[in-house]
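Subject: Structure for you to look at

Hello,

Here is the structure I said I would pass on. Please open it beside this email and follow along.

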Amino acid sequence: MDPALDATQMLRACSLRVTRPRVAVLDAVHAFPHADTDTLIEAVRRSIPAVSHQAVYDSLHTLTDHGLVRRIQPSGSVARYEGRTGDNHHHVVCRSCGAIADVDCAVGEAPCLHASDDHGFSIDEAEVIYWGTCPACSVVASA
């Protein structure tokens, strides 16, 4: 999370009502990048024990719609959430354990890649997922 802004300020900057679940979800997304919903629910329940699944899902939906959170879903994976938004970065995913890491823009500025045929679309974003084996799984495989 931008150290200059806290969750409350981020919500207000988007003209969103500041609620305990929204603040807790936004804090959890920044604390656990690329976390799935179950992990985020568990994290939010540390500060709001009685929060419902639905309140977390609703908060994630609202935060995603307003650009405060980014939803990613690599093939074969559940949805994951991150607080790094607006820079069109990409991801690398381990085929073995599912670990995900950020990868800065492939080349140049957004949308990072130029389509060979844009079919008349005005392209403003490219989503790239690199697949491979993370260092920890590579060590296990070679042992």
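The whole chain

Please keep in mind that this is a predicted model. The protein chain has five helices and six strands. Along the sequence, these follow the pattern α-α-β-α-α-β-β-β-β-β-α. The chain has 143 residues, of which 36% count as buried. Among the contacts with a separation of 6 or more, 46% are between residues 24 or more positions apart.

Helices α2 and α4

In general, a pair of packed helices is described by two values, the angle between the axes and the distance between them. For helix α2 (residues 20-31) and helix α4 (residues 53-65), the axes come within 9 Å and cross at roughly 70 degrees. Angles from 65 to 115 degrees count as roughly perpendicular, and α2 and α4 are therefore roughly perpendicular to each other. On the α2 side, the contact is made by Pro-21, Arg-22, Val-25, Leu-26 and Val-29. On the α4 side, Ala-55, Val-56, Ser-59, Leu-60, Thr-62 and Leu-63 take part. Sorted by class, this contact has eight nonpolar, two polar and one charged residues.

Helix α4 by itself

How far apart are the end C-alpha atoms of α4, and what span should its 13 residues have? At 1.5 Å a residue the helix should span 18 Å, and its end C-alpha atoms are 18 Å apart, which agrees. The expected span is 1.5 Å times one less than the number of residues.

Which residues of α4 are buried? They are Val-56, Ser-59, Leu-60, Thr-62 and Leu-63. Seen down the axis of α4, these buried residues fall within an arc of 170 degrees, so they line one face of the helix. The buried residues of α4 pack against α1 (7-13), α2, α3 (37-47) and β3 (80-82). After α4 comes Gly-67, which has a positive phi near 75 degrees.

Helix α3 and Leu-40

Helix α3 can be read in the same manner. Its buried residues are Thr-37, Leu-40, Ile-41, Ala-43 and Val-44. They cover an arc of only 165 degrees around the axis, which puts them on the same side of α3. The face turned away from that buried side carries the exposed residues Asp-38 and Arg-46. The buried residues of α3 pack against α2, β1 (35-36), α4 and β3.

Leaving out residues up to four places away in sequence, Leu-40 touches Ala-28, Val-29, Ala-35, Leu-60 and Tyr-81. The C-alpha atoms of Leu-40 and Ala-24 are separated by 9.2 Å, and these two residues are 16 residues apart along the chain.

Two loop residues with positive phi

Ser-15 is in the loop between α1 and α2. Although Ser-15 is not a glycine, it has a positive phi of about 60 degrees. Is Ser-15 buried or exposed? Its relative accessible area is 70%; over 50% counts as exposed, so Ser-15 is exposed.

His-34 is found in the loop between α2 and β1. His-34 is also a residue other than glycine with a positive phi, here near 70 degrees. At 8% relative accessibility, His-34 counts as buried.

Ile-129 in a strand

Ile-129 is placed in strand β6 (residues 129-132). With a relative accessible area of 27%, Ile-129 is partly exposed. What does Ile-129 touch, not counting residues up to four places away in sequence? The residues are Pro-74, His-91 and Val-93. Ile-129 and Gln-73 are 56 residues apart along the chain, and their C-alpha atoms are separated by 9.9 Å.

Regards

How values were computed:
Residues numbered from 1 in each chain as written. Predicted model: local features only at pLDDT ≥ 70, side-chain atom pairs only at ≥ 80, totals over all residues. Heavy atoms only, no water. Axes fitted to C-alpha atoms, helices over the stretch in contact; angles between N-to-C directions. Helix = DSSP H or I, 4+ residues; strand = E, 2+ residues; numbered from the N terminus. Parallel < 35°, antiparallel > 145°, perpendicular 65-115°, else oblique. Contact = heavy atoms within 4.5 Å. Nonpolar A, V, L, I, M, F, W, Y, C, P; charged D, E, K, R; others polar. Buried < 20%, exposed > 50% of the residue type's maximum accessible area, 1.4 Å probe, protein only. Arc of directions from axis to C-beta.
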